[in-house]
Amino acid sequence: MELDKSISPDEKGKKKFSISRYIPTGVPCLVIVIALFWYIGSIMGLPNMLNTIMHTAHDLLLNTVFYLMGICVVTGAIGRLFVEFGVVKLLENILRPLMKPLFNLPGVAALGATMTFLSDNPAIISLSQDQRFSSYFKKYQFISLTNFGTAFGMGLLVMVFMVGQGYYIEPVVGLFGAFCGCIVSTRLMQRFIIKAYPSYRIEEAVALTADKIEEIENKVKSKSVFIRILNSLLDGGKMGVDVGIAIIPGVLIISTLVMILTFGAASADGYSGAAYEGIELLPWLASKVNFIFEWLFGFSDPHLVAFPITALGAVGAALGLVPNFASQGWIDGNAIAVFTAIGMCWSGYLSTHTAMLDSMGYRELTPKAILAHTIGGLVAAIVAHFTYLLITLLLT
């Protein structure tokens, strides 16, 4: 008698489980995660490590994320107001000759630089969510706004802080360095995007025809000025809230890791599990190649490397290091110029790039954006250093 070899419907839907399929990726992932937390826990102690992670994430949520959300709400409202009343078109016409040859961006992108300079990196997201603003860009240009806007993030705060420390020419030199770093980062990101997605060179970021834009504008202009102002502020602010929520995972996860790898114990008594404690791994690694930073950045002390490393996660935290550096006698004019350039250009991009690209819908391009901006920040610091040396030579 012949056996029935037919497969039942229930068996068809089942796939044979094979553990070997998960070994090439699952095992290395497990090993890396266990090794990382074991190393940190062996230095800080397991309870302290867990408490520090929770306290740092909680403090970042309350004092960083909500702060950034506030910035997003305000800048979103102002940006929408500028779009509503033609400021965007005005900037497009005035700055087009400058923006195109330097950054390969439409002139309207200058509004993004202005908003991030006055506030912080996520301000560019609030603008990018507006279809009329986005309609000026090709896809590859639109995505590169992440790098372009970040290079000027918290610029006003950084420069005012440095002036408050008694330096005046040096922050201006740093601003020039950040400008050069922005050119490198933005154009490099555009090259990466086109290489990965050639079609993005010609595809529009937002498919809005001229008739559609005109229809939107006519519909809006039919309302009274007061209603237009009110709608712009409220709609832009609401969009800022959405953006603020979108950046939470990136800020909490990445910044917490960077802080733990950067800072040390909160007091001489050892670890207590407080927020922002860490194992100082990144500064230790940087000290091993300090001669490179001394030649490229002109740093006279290896401790100064802590500023750019901290700026990777949060430039505000990096600025908090400056008074202590000054009291130790490690700071000079060159360091201030380099700090301004790299602090402004990087401005915590590791903690915001992921969230920014995620909210724009291009999460898969995050590694390319981080690589391009890392190079751009290094260029900003190098340009600031050698520019400062040149100015010093000319004045002596």
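Isoleucine 34 sits in helix H2 (residues 23–44); helices are DSSP runs (H or I, at least four residues), numbered from the N terminus.

The model is a predicted one: local features need pLDDT of at least 70, side-chain atom pairs count only at pLDDT 80 or more, and totals for chains, interfaces and linings use all residues. Residues are numbered from 1 along each chain as its sequence is written, and side-chain values use heavy atoms, with hydrogens and water left out.

Now to the charged pairs. The whole structure holds two salt bridges, meaning a side-chain nitrogen of Lys or Arg within 4 Å of a carboxyl oxygen of Asp or Glu. In one, lysine 138 meets glutamate 204 at 2.8 Å, N to O. Lysine 138 lies in the loop between helix H7 (131–134) and helix H8 (139–143), and glutamate 204 in the loop between helix H11 (169–196) and helix H12 (210–221), so this pair ties together parts 66 residues apart in sequence.

Glutamate 203 and lysine 139 also form a salt bridge (3.0 Å, N to O). Since glutamate 203 is in the loop between H11 and H12 and lysine 139 in helix H8, the pair links parts 64 residues apart in sequence. Lysine 139 is buried, at 18% relative accessible area (buried is under 20%, exposed over 50%, partly exposed in between; 1.4 Å probe, protein chains only), whereas glutamate 203 is partly exposed at 29%.

Key: Helices (H or I, at least four residues) and strands (E, at least two) are DSSP runs, numbered from the N terminus.
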